[in-house]
Amino acid sequence: MNKLYAEGLLDPEMAAPIDGDVWSTKMATGAAMATYAYYDQIGGVETASEIDGFKLQMYPSLEGPAGAHHQPKSKTGKGIMFPASTAERDDFEQVVRAVDEMFFSEECSTIWCLGVEGTTYTMDGDKIVYSDDLTSSPDGIYKTMQVKYGCGADPFQFVWINEREMSKYDENYAQINKTVAGMEDGNVIQPLPPTPLFDDLTAEDAASLQTPLADSIEVWIDAFVTGSKSLDTDWDAYVAEMKNLQIEEFCKMYNDNLRK
C-alpha cells in the first residue's frame with residue numbers, strides 16, 4: 001500500500017472518513033480507478049458517469065503469497081435476543097413461537113427475501129422473475145427492493161439461501177461468489193474470531209487497554225502507508241509502543257477469557 005501511495009495510485013484520502021458523494025464523484029469522473037464497496041453501488045456510479053463506455057467491475061478475493069483472503073464473516077449470522085425477564089412471562093412459549101413464525105417460517109422468510117409474489121416478483125416455473133421497476137433500476141434489484149419495498153434487507157433475513165440471493169444480482173456477481181466459494185476449499189472467507197467471556201470488571205479493564213491500543217495502531221498504519229514511518233527503520237519503535245501500551249497484557253486477558 002505504501003508503494004501504491006508513493007506512485008500516486010492510492011487515494012490520499014483513503015484512510016479518512018469520506019463523504020459518499022465525494023467518493024462516487026471520484027469514481028464516476030475517473031479521478032479514482034479502484035475502490036472497495038458493495039456490488040449494488042456499481043450501477044449508481046456508472047449511471048452518474050459522463051465518460052463514454054465507463055464500466056466498473058468487481059473482482060473475487062485477490063491472491064497473494066499466502067493465498068486469497070476475505071474479511072471475516074460470521075457463519076451463524078444473527079438472531080433474536082430476548083430480555084431475561086421474557087422467560088418469566090406466562091406466554092413465553094407463545095412469544096418465541098410468534099417470533100419463530102415471523103422470521104423462520106417458509107412463508108415469512110420468503111417475504112423478507114423476495115417481497116410479495118405478484119408485486120415484487122413472479123415465478124416462471126422454478127425461476128424467480130422480478131418486477132420491471134426492480135430490473136430497470138440503475139441501483140439494481142437488491143438495493144431498490146430494500147429502498148422501495150422494505151424487503152431483501154440483510155438484518156431481517158434470518159434464513160439465507162445463497163442461490164436465491166444471487167438471483168437479485170447479475171450473472172457476473174453470481175460467478176464471483178461461486179469463484180470465491182471454490183477458493184482453497186472455501187476457506188477464503190475467514191470466520192469471525194471467538195469472543196471472550198469477560199465479566200463486567202474484566203470487560204472494563206479490557207476496554208481501558210483496547211482503546212489506546214486501537215487508536216495507536218491506526219496512527220501507525222496510516223504512517224506506514226503514507227511513508228512518514230518506514231517498516232525498515234521504525235518497526236522496532238512500533239513494537240515498543242505496542243508493548244508500552246500493554247498489548248501483551250491485553251492479549252493474555254483476551255485469550256484467558258475465550259469460550260472453552
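Phe 158 is buried, since its relative accessible area is 16% and the cut-off for buried is under 20%. Keep in mind that this is a predicted model.

Phe 158 has an aromatic partner, Phe 104. The ring centres of Phe 104 and Phe 158 are 5.6 Å apart and the planes meet at 40°, so the pair counts as tilted. This pair links distant parts of the chain, 54 residues apart. Phe 104 is in helix α4, while Phe 158 is in the loop between α7 (140-149) and α8 (162-166). Phe 104 is partly exposed, because its relative accessibility is 37%.

Now a second pair. Trp 220 and Phe 224 are also an aromatic pair and tilted, with 5.5 Å from centre to centre and 45° between the planes. Here both residues belong to helix α10 (residues 200-226). Trp 220 and Phe 224 are four residues apart, about one turn of that helix. Both are buried.

How many aromatic pairs does the structure hold? The count is 14. There is also an aromatic cluster, and Phe 104 and Phe 158 belong to it, together with Phe 103, Trp 112 and Phe 156.

Back to helix α4, which covers residues 92-104 and includes Phe 92. Phe 92 is partly exposed, because its relative accessible area is 31%. Phe 92 contributes to a nonpolar surface patch of about 280 Å², alongside Ile 80, Phe 82 and Val 96.

Last item, the backbone at Gln 246. Most residues other than glycine have a negative phi. Gln 246 is not a glycine, yet its phi is positive, near 70°. Where is Gln 246 found? It is in the loop between α11 (235-244) and α12 (247-256).

Note on methods: Residues numbered from 1 in each chain as written. Predicted model: local features only at pLDDT ≥ 70, side-chain atom pairs only at ≥ 80, totals over all residues. Heavy atoms only, no water. Helix = DSSP H or I, 4+ residues; strand = E, 2+ residues; numbered from the N terminus. Patch = residues over 30% accessible without salt bridge, like charges linked within 9 Å, V, L, I, M, F, W, Y side chains within 5 Å. Areas by Shrake-Rupley, 256 points an atom, 1.4 Å probe, with all protein chains shown as cover. Salt bridge = Lys/Arg side-chain N within 4 Å of Asp/Glu carboxyl O. Buried < 20%, exposed > 50% of the residue type's maximum accessible area, 1.4 Å probe, protein only. Phe/Tyr/Trp six-rings, centres within 6.5 Å; stacked < 30°, edge-to-face > 60°.
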